[in-house]
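Work through the exercises below with the predicted model in view. Each task is followed by a stepwise solution.

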Amino acid sequence: MQEPNGPLKGIRVLDLTRVLAGPTCTQMLGDLGAEVIKIERPEAGDDTRGFAPPFIPNTKESAYFVGVNRNKKSVTVDIGKPEGQALILKLLEHCDILAENFKVGALAKYGLGYEQLKVKFPKLIYCSITGFGQTGPYAPRPGYDALIQAMGGVMSLTGEPKGSPQKVGVPVADLFAGLYGCIGILAALNHRNATGEGQQIDIGMLDTHVAWLANQGMNYLATGENPPRLGNQHPNIAPYQEFPTKDGYIILAVGNDPTFERFCKATGQEHLLSDPRFATNPIRVANRDHVTATLTPVMQSKTTSEWITLLEAQKIGCGPINTLEQVFADPHVVARNMVVQMQHPTGEPVKVIANPVKLSATPPTYRSPPPVLGQHTGEVLGGLLGMSESEIAGLQEKGIT
């Protein structure tokens, strides 16, 4: 494993997270240069090691696990046993951040709750990511991505108008919670740099989900009316949706009235500019069904690539609806280096999705691939805690590590 480098170089994270929200948070910290020590259960490890198929070719590692666990050291510790709890406390003496996504109150049973640790470790930044946060009537409940998407309202907004509610195709509730957790940690680090004081960060997945309802949430607050499902249409802009073409589909994004004028002239629909139903964006939104019905046969007259060539020349937002094969082959995605190949501990090459944060002076680094279970137990306990090989072996024999 290469030495950490980046804006968070010198920061050490004790990672008690698993599955997706927490590991997303800690992988971001690792990419930015923090040393991340991932604590896993002996023999079992992170639950996502078993979320398969698919596996990474020629390994026993699930693609799910590999996606959010690079730049981490895997150390196995049974925190349910007193000896394991003692190891965690010793490790915390050398750590700046503890990240966890246990149920509310679960770590307190092991003496590892924030209130128990803050006296001994006043500089510790303690990030808790749960389904519903540390307070409120739902705090004890477990949180799952689909459940949060349902309770947080996004499913009521997603899907065709006459169809059933739909969740987003990737676990956005988990991902946003992890990213908000990372933001909270970075803010707490800056505060600690100024005051020497640590703090707890309380991230609830439902909170973060409500926060990113964005314009749709504001539409409700402004009107008191539940926004309807619109399929791929935009609630505040028209035309801004998918249209069928001669050979597939295209996304058309006409963001303002000048763009709509250019669109009409480019497509031979100048007569629409004198139609009062198309006069301004608010009027087009009010007449969205007529706008869609009028433009659908127009868009079906050419292929997707023909439309993209024509419309891009007029600086009109448009694009294909890509499969993932097309996404990863897209020349712009390739040019932005959004796939990185790393060498897995088994010796196999592993492709991972790159960090999207582009920093000119301290870019993200890819120092080590996702570890196999317990790969760094001896290294961390021996190097960081100064334990002898016989002491480490004794812990392994007892099932502590």
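**Exercise 1.** Classify Lys265 as buried, partly exposed or exposed, then describe its salt bridge.

Solution. Step 1: the relative accessible area of Lys265 is 48%. Buried requires under 20% and exposed over 50%, so Lys265 is partly exposed. Step 2: its salt-bridge partner is Glu261, with N and O 3.0 Å apart. Step 3: Glu261, at 37%, is also partly exposed. Step 4: both residues belong to helix H10 (residues 257-266) and are four residues apart, about one turn of the helix.

**Exercise 2.** Determine which parts of the chain the salt bridge between Glu379 and Lys73 ties together, and state how accessible each residue is.

Solution. Step 1: the closest N and O atoms of the pair are 3.1 Å apart. Step 2: Glu379 sits in helix H16 (residues 377-383) and Lys73 in strand E3 (residues 72-76), so the bridge joins parts 306 residues apart in sequence. Step 3: Glu379 has a relative accessible area of 43% and is partly exposed, whereas Lys73, at 13%, is buried.

**Exercise 3.** Describe the lining of the largest pocket by residue class and by helix contribution.

Solution. Step 1: the pocket volume is about 1,100 Å³. Step 2: 29 residues line this pocket, and Leu20, Gly67, Val68, Leu175 and Ile353 are the closest to its centre. Step 3: the lining comprises 22 nonpolar, four polar and three charged residues. Step 4: H1 contributes the most, with four residues.

Technical notes: Residues numbered from 1 in each chain as written. Predicted model: local features only at pLDDT ≥ 70, side-chain atom pairs only at ≥ 80, totals over all residues. Heavy atoms only, no water. 1 Å grid on protein atoms, 1.4 Å probe; cavity = no way out; pocket = protein on both sides within 12 Å on 5 of 7 lines; lining within 4 Å. Points joined across faces, edges and corners; volume = space filled by probe spheres on them. Helix = DSSP H or I, 4+ residues; strand = E, 2+ residues; numbered from the N terminus. Nonpolar A, V, L, I, M, F, W, Y, C, P; charged D, E, K, R; others polar. Salt bridge = Lys/Arg side-chain N within 4 Å of Asp/Glu carboxyl O. Buried < 20%, exposed > 50% of the residue type's maximum accessible area, 1.4 Å probe, protein only.
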